[in-house]
Amino acid sequence: MPEGPVITRFAPSPTGHLHIGGARSALFCWAFARRAELEHRARGGTPGQGGRFMIRIEDTDQARSSDESARGILEDLAWLGIEWDDGPTLDLANPDGTRRTIGSHARDVGSYFQARRVAVYNAYIDHLMSIGRAYPAFDTAEELDKLRKQATAAKQTFKYPRPADFTFGQPCTARIDRAKKGEPHVVRFAMDSAAVVVRDEILGEVKIAPGEVDDFVIRKADGFPTYHFAVVIDDELMGVTHVMRAQEHLANTPRHVALQRALTRLDTHQPFRTPSFAHMPLIMNMDGSKMSKRDKAKAARKAAKDAIAKPPAPGAAPLTPASLAQSLNQDPKLVADFLAGENDNLDLAGQIAALLNVTLPEIEVYDFRRNGYLPEAIINFIALLGWNPGMKLPDGKDLEKFDAAFMAERFSVDRVGKTPAKFDRAKLQSFNADAINALTDAQFAAKWRAFLAEYEPHVLARLDARGSAAFTILAAAVKPRARTLRDGINAVRFALVADDDVAFDPKAIDKLRSPDAKNAAPGAPPRTGVELLAASRERLSALPTADWTVPAIHTLLEQLAQQLGVGIGQLAQPLRVGVTGAGVSPGIAETLAALGRESVLRRLDRCHRAAVV
RNA sequence: GGCCCCGUCGUCUAGCCUGGUCCAGGACACUACCCUUUCACGGUAGUGACAUGGGUUCGAAUCCCAUCGGGGUCACCA
């Protein structure tokens, strides 16, 4: 590649949230450009001239694109820490209240929204028609559909038959005139008859025989260019040097190459260049199917159908499609269609999941975010889906924990694999747990608070109701127990219920009632858990609220255990049952301290009553 | 179905280009044990793969071919 900077681009279609696979594509493009820039600067080059990462919004589908979605995708990228040099500007509030702007429009290449570039595409389309490399086509969708069905019935691949009145290389004035008069039409590219060889940096040379690609549409009837056309024009005009995208685009690449061979820049009269291509392996579900947003709809549909089929709980009304629609406050027809698989409405899927309390598979970055994954864990994990640094740690283990900055220094296309990767959420969770544990207690507390404030404000309110010390204690207790920020809520369930709503596990209560040799002092008869509970309760009640702290409680229980001649665990387990209803909680001193003196005594009394009745 | 891509533990992968050091290494998951105040965390150990069949070679996970298997794509969606 010549003088100019390496330019990569991520070009999402704003038709929903950012897909996790898209995030990986963006990450690789970003890392590639960053490395080029870093090395350029190390050589003393001008900043910004070594490598640039660009975002372009491919909003040429009028029906499906939306500004909200474009903004959401940009926010998801920013949240992940993937920032672009060129592209739409995104104004964001930092956690500290300041603002920052991403996307500087530093290069003068026009809008980064394709819908605003229609005039540019039209100029090139006119040019192609004038040199006989494109022609208007007037077939209706029905006609094409019929031809396709015929081809399928005859077990043949449908290829659009080039019209007899068009001669390759000759402008078809008759058709152009008809189009000018306003007759509805599309414009098709006249494919040449040469074989196409795509040189792919990951897959090697991919050859496509002549005649495999037909005359495809480059401008739709609504006047907007198709993806294939817009992408080729913009990549050239925006100076894109390296195209990195998912392997699903490999089959499209011959079209792009053919277009590049046919096109000449209108401003400089230079032929279009063919960028370097690198097609990355796909990210699949664990069952081998393609990871798709529709998986969420499928999961919600299944959950709803199961719930409808299931006999209702005693006293509850059976769930029907109609009652489901009603409790969701949704249009019954929409719900019925959804259940029948007629639509994959993701909003509805989310509502159904919330109502039925099921978790939908995380597919989009936003799903991971709201389920409490840390961006650094996601970045690390998706990077490994297709790339790895190929480095060993001093102890001989593979290096697989790294951050975006590391990728910016080390990323290279030749270490990108060819095989599709299955998305193993268990491993992601492990990475996330490691990322959480790498945080200090204070950092974790701040992140957890922010997470709860955004996604579970009621939980946060209940925790805060226990006082400011409680949150700090609980956050520290949650940190090693949480695989995700959301998962952390499970570890503090006991602090969320009202004192009088603690449900005592009958088995645990039974255990408290029976004498246990382990509860005995050496040489003495066995004691019951209830007895030890009463002893703890008495001692705790003597501890004033002002001294109700983790170390004080810990010392108190240690001393009591010593006096009674038992291990501290013999005290802790009955207290756990008393205060949480069952035998599982964080450290007992932390648990009691976070709950507060009043709650603890009240709960212990309730437990005592439940056990002695 | 046509065309194209891919094939190492259940999963992500190292090794493959530059055959021997690989009866294949790491991570996640799983199992056991240790630690322990329950649950976690942490520590130690273990189970577990070169898709199959032919070649080439003294020697193949590594090179070649075939078969089988998986995936992508065949839109006026991107």
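# Cores, sheets and helices

The largest nonpolar core in this structure has 115 residues, and those with the most contacts inside it are Phe-53, Phe-411, Phe-423, Trp-448, Leu-463, Leu-540 and Leu-592. Helix α1, which covers residues 20–42, gives the most to this core, contributing eleven residues. A nonpolar core is here a set of buried Ala, Val, Leu, Ile, Met, Phe, Trp, Tyr and Cys residues joined through side-chain atoms within 4.5 Å, where buried means under 20% relative accessible area, exposed means over 50%, and partly exposed lies in between (1.4 Å probe, protein chains only). In soluble globular proteins, nonpolar side chains tend to be buried together.

The model is a predicted one, in which local features need a pLDDT of at least 70 and side-chain atom pairs count only at pLDDT 80 or more, while totals for chains, interfaces and linings use all residues. Residues are numbered from 1 along each chain as its sequence is written, chains are lettered from A and ligands numbered from 1 in the order in which they are written, and side-chain values use heavy atoms, with hydrogens and water left out.

## Contacts of two residues

Phe-423 shows what surrounds one of the core residues with the most contacts. Leaving aside its neighbours within four places in sequence, Phe-423 is in contact (heavy atoms within 4.5 Å) with Ile-20, Ile-283, Met-284, Met-286, Met-291, Phe-368, Phe-381, Ile-382, Leu-385 and Leu-428. Arg-175 lies in helix α5, residues 173–180, and is buried, with a relative accessible area of 11%. When neighbours within four places in sequence are again left aside, Arg-175 touches Tyr-135, Pro-136, Ala-137, Phe-138, Pro-163 and Asp-165.

## Strands

Helices (H or I, at least four residues) and strands (E, at least two) are DSSP runs numbered from the N terminus, and two strands pair if DSSP finds at least two bridges between them. Three strands form an open sheet in the order β5-β6-β9, with antiparallel pairing. Because β5 (134–137) and β9 (217–219) stand at the edges and each has a single partner strand, one side of each is left without a neighbour in the sheet. From one strand to the next, the twist averages 45°. Strand β6, residues 186–189, pairs with β9 in the antiparallel sense over two bridges, and Val-187 stands opposite Arg-219 in β9.

Strands β7 (residues 196–200) and β8 (residues 204–208) also pair in the antiparallel sense, over five bridges, and a hairpin joins β7 to β8 through three residues. Asp-200 stands opposite Gly-204 in β8.

## Helices

Helix α7, residues 253–262, is largely enclosed by the rest of the structure, because eight of its ten residues are buried. These buried residues are Thr-253, Pro-254, His-256, Val-257, Ala-258, Leu-259, Gln-260 and Ala-262.

Two packed helices are described by the angle between their axes and the distance between the axes. Axes are lines fitted to C-alpha atoms, for helices over the stretch in contact, and angles run from 0 to 180 degrees between N-to-C directions. Angles under 35 degrees count as roughly parallel, over 145 as roughly antiparallel, 65 to 115 as roughly perpendicular and the rest as oblique.

The axes of helix α16 (residues 441–455) and helix α17 (residues 457–464) come within 6 Å and cross at roughly 125°, which means that α16 is oblique to α17. In this contact, Trp-448, Arg-449, Leu-452, Ala-453, Glu-454 and Tyr-455 of α16 meet Pro-457, Val-459, Leu-460, Leu-463 and Asp-464 of α17.

Helix α9 and helix α11 (residues 346–356) pack at an angle of about 95°, with their axes 11 Å apart, and are therefore roughly perpendicular to each other. Here Leu-324, Ser-327 and Leu-328 in α9 meet Leu-348, Gln-351, Ile-352 and Leu-355 in α11.

## Loops and cysteines

Most residues other than glycine have a negative phi. His-269, in the loop between α7 and β11 (276–280), has a positive phi near 60°. Asn-329, in the loop between α9 (321–328) and α10 (332–339), likewise has a positive phi near 60°.

| Residue | Relative accessible area | Class |
|---|---|---|
| Cys-172 | 6% | buried |
| Cys-607 | 0% | buried |
| His-269 | 60% | exposed |
| Asn-329 | 71% | exposed |

If a disulfide is taken as a pair of cysteine sulfur atoms within 2.5 Å, the count comes to zero disulfides.
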